[in-house]
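Okay, everyone, thanks for coming. Let me put the structure up, and then we'll walk through the ligand and the sheets.

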Amino acid sequence: MTQDELKLAVARAARDYVADRLPVGAILGVGTGSTANFFIDEIAAIKDRLGGTVASSEATAKRLAGHGIRVLDLNDVDAIGIYVDGADEIDHGMAMVKGGGGALTREKIVAAVADTFVCICDASKRVDVMGRFPLPVEVIPMASAYVARELAKLGGTPRVREGMITDNGNLILDVHGLSITDPVGLETRINQIVGVVTNGLFAGRGADVLLLATAGGVKTYTR
Ligand code: 5RP
């Protein structure tokens, strides 16, 4: 199967998961990235069941609206039943590295509000130890050099992502060369660096459900 066929398969599984588990009229959180885009295209078929959606990026909001799917401001909703999003890496404890698309901060906010986080990805994203994918860190622009020096002290090699300004007007530092054996500890430590908005470790609030596309079908894992 091609990568896109795997993404489509897991997007359809996530659509069915939402149709089965999200009460009619409830709010759905929608992630960002190529796998999330497949999911957005799939939920157009069930849009009348949804009370609305909360998007984790401007790009996702635009794609949802293009399908005529209602997009709500997070401040106008009390709860999000399910949040569906991709990941760059996910470990066996359901901690993730996210932010390859640069949307990590809004993704983390939507994930924090959601009752259930459903991660959708293909089997290549499931790893024993995260860190091969560079860890994205969103930083306030004036602090980027300072934050980079602090990140280097943690053993990584930070590089500014060229040409990237986030939806929040900030920069992304991608930290190469980490071996993330303590995801919760590292997530907490990086968030303590002044000038960091968010880092792409989703460990304290990891996934509750993983739908993993494999050549043999979509497998379901729960926390
Ligand atoms: C965007 C993300 C994405 O979920 C992550 O990068 C995976 O993307 P894709 O589905 O394109 O592989 O965190 O900020």
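Predicted model: local features only at pLDDT ≥ 70, side-chain atom pairs only at ≥ 80, totals over all residues.

So, look at Lys-125: an N or O atom in its side chain is 2.8 Å from an oxygen atom of the ligand. That is a polar contact, meaning a pair of N or O atoms within 3.5 Å; inside the protein, one must be able to donate a hydrogen and the other to accept it, and residues adjacent in sequence count only if both atoms are side-chain atoms. Glu-107 has a polar side-chain atom 3.1 Å from a ligand oxygen, and with Thr-32 a polar backbone atom lies 3.1 Å from an oxygen of the ligand. The ligand has 380 Å² of accessible area on its own, and the protein covers 91% of that (Shrake-Rupley method, 1.4 Å probe; for residues, only the protein chains shown count as cover).

Numbering starts from 1 along each chain as its sequence is written, and side-chain values use heavy atoms, with hydrogens and water left out.

How many residues surround the ligand? There are 16, and the closest are Ser-34, Thr-35, Asp-88, Gly-99 and Lys-125 (near means a heavy atom within 4 Å).

Now the sheets. Four strands make an open sheet, ordered β8-β9-β7-β10, with antiparallel pairing. Strands here are DSSP E runs of at least two residues, helices are H or I runs of at least four, both numbered from the N terminus, and two strands pair if DSSP finds at least two bridges between them.

What lies across β7 and β10? Helix α6 (residues 183-191), at about 165° to β10. Helix α4 (residues 104-113) lies across β7, β9 (171-176) and β10, at about 70° to β10. Contact means heavy atoms within 4.5 Å; axes are lines fitted to C-alpha atoms, for helices over the stretch in contact, with angles from 0 to 180 degrees between N-to-C directions.

Last one: another open sheet has three strands, β4-β5-β11, paired antiparallel. In it, Ile-90 stands opposite Met-96 of β5.
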